[in-house]
Amino acid sequence: MDSGQSLSDGEILWEISSQRAIEKSSAQRSCSSQLKNIKRPCHGTSRKMAQQEKLSDCEENDNTIQTMKNIEDILNEESLVDVELRYDVDDFKLNKRGNTKKDAGKRDTSDSGITSTDTSPIANEGGNRQDSDLEASNSKLLTSCVSSPTAGGKSDYATVRETIRTFNKFYLQIVQEMHKKEKNGIQGNSEDLKRKRESNSPAELLKASMQLDLKALSKMRATNSIMYPRKRFGHLPGIDVGYQFHSRAEMVALGFHSDWLHRIDYMGKAYSEVEEYKDHTFPLAVALVLCAEDDDSQINSDHIIYTPCGSNRTVDPHQVQNPDISYCYQALKNNMEQSIPIRIAVGHKSSSSHCNKIYTYYGLYKVMECWALTNLSGCLIYKTRLRGVEGQPKLTMNEVYFNKEHSPAVRFKSPGLVSMDISGGQEEIPIPLVNLIDDTPFASTGFTYSKSILVAESVNFPANADGCKCKGSCKNPKNCGCARLNGSKFPYIRHNGGRLTRARDVIFECGPNCGCGPDCINRISQRGIKYHLEVFRTPNKGWAVRTRDFIPSGAPVCEYIGVLRRTHELENVDDNDYIFEIDCLHTIKGVEGRERRLGAVSEPFRNYLEKLDDKYLEQTPEFCIEANSIGNVARFINHSCEPNLFVQCVLSAHHDARLARIVLFASKNIDPFQELTYDYGYPLDSVIGSDGRVIEKPCHCGAATCRKRLY
Ligand SMILES: C[S@@+](CC[C@H](N)C(=O)[O-])C[C@H]1O[C@@H](n2cnc3c(N)ncnc32)[C@H](O)[C@@H]1O
């Protein structure tokens, strides 16, 4: 390509990425002299690399490696590629949850439909209350209502994450088994599921998804993996107000609610035989799931009017009523009389393909009033009024899920809105900019938006590589010439519009000379920005980027766009915060402690790497993407010591790794309104000022493990 020519939208040319690793013990590593005066957002490094490489934020234990290997095998199975998967990739790479429960294997008996293998209905797990005195018990309960962000302690939060990953792992295995059966022509349930999945009817799809949920939950129970297997009142450590569940099944997996279908979860009369509860009158409700869109409940964060019998409404299959309404009503009345609060989660419809609804934990509510009235048809209607327990953290906007349809309207009303779309219509989805912090105008950023890379005159852009010979969509990785470069694997699964199964040295995607079309699974990073992103002002990091949508782990978020330049031709590097070195080759070779990734690249590419002169790798990467004056939304993404994105080197149009594209992928599930960050990977003391002195820049990422300095 001629120098200076801008790349057309469809042509995504380079990729790069590399993550640098630092010794776990020290956050420093050496750096070539030419790097020393360049402040650049170089990607991933250090202690975070291990996590990013696994696309996982789990804590390792001895089981991790084996478990990950198994999951990796599963994910790399060709058979999985075209399967619709509901959960995130990293969630499958889970270490086994530590058996912290004394009562693992026991389940409660109750009227909720969950069968028991244990005669005692009550858990004796850590944290469960054992008070025999009703008053003492209640006052303790209310104390526990006053949640704090640290109420659960780190291990509880980690266990929540691990439990969800275990659930997702089972879900994936079930999908895989089902797919195998379909392939082998085995009839039965899998055939039924296939029909439902292939149907265009949302109700059928929902049913198929529920069937898979149910199977995964059965596995959770069979392996004693439910986090809180016993019903209990009050907050559950590790699940704070604002926590978001991505399905009803996740609630059951955690033990937040024992039933994936009904709204109300209660402890039945059998509990009165248990010593701990001998002074209570049962049934008593423990948890309630409501839907923001339902007409028969009025919900705001302080007050809720709940109608246990929604007589005239259409029944949502996710939210069917308990069969015995008066029993539910009795339970709620008992809660009121004994002043026992109920956990409430509220579901908001989601247009994301990832899930049907997002459920937010609103906190503990006390039943204030219960009444019954007769409607015009003579039906008895029960009503209850609930009030949020005082002292709980208030829900913020960030914690209430807005779906894609709602987002633009919300933005419209957004206070501090400075620009409706910084891309000026270039991106398919507008990118607004808000500033609630100060008067800094958008103009001060002084850059021009571009959704594609520009090439500096001095850079000779390589010719397009030969493509694969597939037609339509690449299906068999053993036959696809591009997939063969990835070790005869497709790096992506189709789920949620395409997700990377794990970070790699380099990914070879299909390009302009390939026979396949734009929907090919091996072009996932070429489809532009698919999430509602927003630039916002921070008090101490300048501008930043957050998402308004849920982003599943492994999903491509955006490419780092700017001007492709020769690094040694850069000027005024001291004043440029937007230089991204393309150090793909350095990463592949593990130069300067960069952590090695999965490197299943082809023989010819390996030979090329073998012949690479070590001297070349001792120098600063030859090329960089410089986004000071021209760039896209990626230039506003800040550094974090605990990032939620990672950098992936991608080759699509050409195969010159010196000029690889830089694509940012989600390293974990990212909830709406979270800031997007990646690890810049600066070694400490690597930035030297023009006076020859080391420049120290404080890091304000706010992570618990923050190393306190950006460089
Ligand atoms: C690529 S820019 C990111 C966008 C930038 N915040 C802006 O306003 O344009 C990199 C610069 O952002 C700031 N920055 C990014 N992450 C930071 C962090 N964790 N702590 C402090 N400053 C940060 C630093 O000034 C850094 O040089």
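Trainee: How does the shell around the ligand split by class?

Mentor: Eight residues there are nonpolar, five polar and four charged. For the classes, Ala, Val, Leu, Ile, Met, Phe, Trp, Tyr, Cys and Pro count as nonpolar, Asp, Glu, Lys and Arg as charged, and the others, Gly among them, as polar. Keep in mind that this is a predicted model: local features need pLDDT of at least 70, side-chain atom pairs count only at pLDDT 80 or more, and totals for chains, interfaces and linings use all residues. Residue numbers start from 1 along each chain as its sequence is written.

Trainee: And which of the 17 residues come nearest?

Mentor: Gly 542, Trp 543, Asp 577, Asn 638 and His 639. A residue is near a molecule or strand if its C-beta atom, placed from the backbone, lies within 6 Å of it.

Trainee: Which elements give two or more residues to that shell?

Mentor: Strand S17 (543–547) and strand S23 (638–639). Helices (H or I, at least four residues) and strands (E, at least two) are DSSP runs, numbered from the N terminus.

Trainee: Where does S17 sit in its sheet?

Mentor: S17 is an edge strand, as is strand S9 (417–419), so to speak: each pairs on one side only. The open sheet has four strands in the order S9-S10-S16-S17, with mixed pairing. Two strands pair if DSSP finds at least two bridges between them.

Trainee: What about S9 and S10, parallel or antiparallel?

Mentor: Antiparallel, over two bridges, with Ser 419 opposite Leu 433 in S10.

Trainee: Switching topic: is strand S6 buried or exposed?

Mentor: S6 (residues 342–349) is mostly covered, with six of its eight residues buried. Buried here takes 20 or more other C-beta atoms within 10 Å of the residue's own, exposed 12 or fewer, and partly exposed lies in between, with C-beta atoms placed from the backbone.

Trainee: Which strands does S6 pair with?

Mentor: Strand S3 (residues 284–291) runs parallel to S6, joined by five bridges, and there Val 289 has Ala 345 as its bridge partner. Strand S7 (residues 357–374) pairs with S6 in the antiparallel sense over eight bridges, with Ile 344 opposite Gly 363.

Trainee: Where is confidence lowest, and where highest?

Mentor: Helix H1 (residues 46–53) is lowest at a mean pLDDT of 30, and strand S18 (residues 556–559) highest at 97. That score is the predictor's confidence in each residue, from 0 to 100. The protein chain averages 72, and 66% of the residues score at least 70.
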